[in-house]
Amino acid sequence: MRLILLCVGRCKAGPETELSQRYIERANAAGRALGFPRVELREFDESRAREPALRKAAEAKTILASLSPGARLVALDESGALVSSREFSAFLGKTRDEGAPALTLAIGGADGLSGEILEAASPIVSFGRMTFPHQLVRIMAAEQLYRAMTILAGHPYHRD
Ligand SMILES: C[S@@+](CC[C@H](N)C(=O)[O-])C[C@H]1O[C@@H](n2cnc3c(N)ncnc32)[C@H](O)[C@@H]1O
């Protein structure tokens with residue numbers, strides 16, 4: 001099952017990009033043998049529309065258009081469900097075993113994700129009730145994908 005980290009907003013070259021790339025490379029190395037051939041990072045420009053609602057709607061259209069047929073959509077949003085790393089890894093394993101061709105994790109831009117995306121997603125996952133910048137969330141999501149791979153592989157990176 002392909003894993004896609006879909007980001008509204010681009011990250012400049014620098015420490016945030018380096019760290020998220022490092023976790024993606026680790027997730028790729030650990031995931032290949034587990035039926036996760038690769039984590040793909042896709043970035044889109046934030047909309048330049050004047051109103052936040054119009055920006056979010058335009059960004060939602062881009063996100064929905066980029067989903068491959070049969071792909072599962074997970075939204076990252078402050079309002080979502082609080083899940084443990086083990087629960088998240090179990091969800092990835094179950095979705096893979098159900099035969100989904102791809103799973104997309106969507107990260108919103110400065111305005112956040114639209115209601116349309118939150119309704120289309122299952123589940124909506126939160127990293128806590130605080131709001132983080134999308135650059136940090138990208139790193140956190142990449143790390144959680146790597147952590148999930150190690151949990152599924154029985155590797156001792158994750159300790160609890
Ligand atoms: C700067 S935040 C969006 C701002 C916020 N929704 C607002 O109303 O102003 C950018 C993106 O990072 C992700 N994000 C931020 N905090 C998060 C959290 N606590 N849990 C999960 N995702 C988060 C979401 O995908 C969000 O759309």
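**Ligand site and pockets of the predicted model**

Among the structural elements, β3 makes the largest contribution to the shell around the ligand, namely three residues, where strands (E, at least two residues) and helices (H or I, at least four) are DSSP runs numbered from the N terminus. The structure is a predicted model, in which local features need pLDDT of at least 70 and side-chain atom pairs count only at pLDDT 80 or more, whereas totals for chains, interfaces and linings use all residues. Residues are numbered from 1 along each chain as its sequence is written, and side-chain values use heavy atoms, with hydrogens and water left out.

The shell comprises 17 residues, of which Leu76, Gly108, Phe127, Gly128 and Met130 come nearest to the ligand; a residue is counted as near when one of its heavy atoms lies within 4 Å. At least two residues of this shell are supplied by each of β3 (72-82) and β5 (124-126). By class, the shell contains nine nonpolar, six polar and two charged residues, with Ala, Val, Leu, Ile, Met, Phe, Trp, Tyr, Cys and Pro taken as nonpolar, Asp, Glu, Lys and Arg as charged, and the others, Gly among them, as polar.

A backbone N or O atom of Met130 lies 2.6 Å from a ligand nitrogen, a polar backbone atom of Phe132 is 3.0 Å from a nitrogen atom of the ligand, and for Asp77 the corresponding distance from a backbone N or O atom is 3.4 Å. Of the 570 Å² of accessible area that the ligand has on its own, the protein covers 82%, as computed by the Shrake-Rupley method with a 1.4 Å probe.

The ligand takes up the space of the largest pocket, that is, more than half of its atoms lie within 2 Å of the grid points of that pocket. A pocket is defined on a 1 Å grid over the protein atoms alone as an open set of points where a 1.4 Å probe fits, with protein on both sides within 12 Å along at least five of seven lines, and its lining residues have an atom within 4 Å of a point. The volume of the largest pocket is about 280 Å³, and of its 19 lining residues Leu76, Asp77, Glu78, Phe132 and Val137 are the closest to its centre. Two or more lining residues come from each of β3, β5 and α5 (134-153).

The second largest pocket holds about 160 Å³ of space, and α5 provides the largest share of its lining, four residues.

How values were computed: A polar contact is a pair of N or O atoms within 3.5 Å; within protein, one must be able to donate a hydrogen and the other to accept it, and residues adjacent in sequence count only if both atoms are side-chain atoms. Grid points are joined across faces, edges and corners, and a volume is the space filled by probe spheres set on the points.
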